[in-house]
Amino acid sequence: MDKPILILGTGTTGRTALNIFKSNEVLVFAFLEEGFKSAYEIDEIPVMGNLEEEDVLKEIGKSAEVFIAADENSVRGKLTQLIKEDKKVMPVNAIHGSAIIADSAELGYGNLLDAGLVIGAGCKIGSGTILNANVTVGAETVIEDMAQLGYGANIGASVTIEEEVFIGSGVTIVSGVKIGKGARIGAGSVVVENVAKGDTLFGNPAKKVG
């Protein structure tokens, strides 16, 4: 990347993104955070204001790129839309150097792809997704916008994960399953059948809860 990065969000996703950019020798010049009160630093990078800090945001697309690191899927989606509409730019991807991505896989923008990730042949990854460390995604799987997969999740082949789905750490999803929009899968669960929109599942085999 030719321009330094501004990271929107200082939570777990923001710090993970910073680590990825540093490992790739990409300069991060600042963070913005929700509820900013006073200046401080994260790993020697300044936190310069809130998410509406126009003096900093005006640099996006001119002298800086942006990565949106809101931990909540819906918030990340709203910020992405605002940046697209107001700044006419797409957030950059944060891809760890150890991630293995098949040449035939398709990636959108603004994704976080962490260390040890494996994405198989023919996969389609949307935009604004968070695929944490050691996630495995089987061939021809589709992951739609703003989905989030926890550490060590194992996704089978030809799975469909719709928008804003949250999948916890260590989850296994067997091949061919469809996970509906906004569904949540608890950590360590094994999903063996389709999941309806908005449902929350937990267990082995995973069952609807709540």
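1. Is Phe-67 buried or exposed? Phe-67 is buried, with a relative accessible area of 1%, where buried stands for under 20% relative accessible area, exposed for over 50% and partly exposed for what falls in between, with a 1.4 Å probe and protein chains only.

2. The model is a predicted one, in which local features need pLDDT of at least 70 and side-chain atom pairs count only at pLDDT 80 or more, while totals for chains, interfaces and linings use all residues. Residues are numbered from 1 along each chain as its sequence is written, and side-chain values use heavy atoms, with hydrogens and water left out.

3. Phe-67 belongs to the one aromatic pair that the structure holds, and its partner is Phe-21, the two rings standing edge-to-face at 5.9 Å centre to centre with 80° between the planes. Rings of Phe, Tyr and Trp (its six-membered ring) pair if their centres lie within 6.5 Å, and planes under 30 degrees apart count as stacked, over 60 as edge-to-face and the rest as tilted. The pair links distant parts of the chain, since Phe-21 sits in helix α1 (residues 12-23) and Phe-67 in strand β5 (residues 65-68), 46 residues apart. Phe-21 is likewise buried, with a relative accessible area of 1%.

4. The largest nonpolar core has 29 residues, and those with the most contacts inside it include Ile-119, Ile-161, Ile-179 and Val-191. Apart from that core lies another, of 18 residues, among them Leu-18, Ile-20, Ala-94 and Ile-130. A nonpolar core is here a set of buried Ala, Val, Leu, Ile, Met, Phe, Trp, Tyr and Cys residues joined through side-chain atoms within 4.5 Å.

5. Not counting residues up to four places away in sequence, Ile-179 touches Thr-160, Ile-161, Glu-162, Val-165, Ile-173, Val-191 and Val-195, a contact being heavy atoms within 4.5 Å.

6. The chain has three helices and 24 strands, which are DSSP runs numbered from the N terminus (helices H or I, at least four residues; strands E, at least two). A hairpin of two residues joins β23 to β24, and the bridge partner of Phe-202 in β24 is Lys-207.

7. As for the chain overall, 48% of its 210 residues count as buried, and its C-alpha trace spans about 50 × 40 × 30 Å along the principal axes.

Note on methods: Two strands pair if DSSP finds at least two bridges between them.
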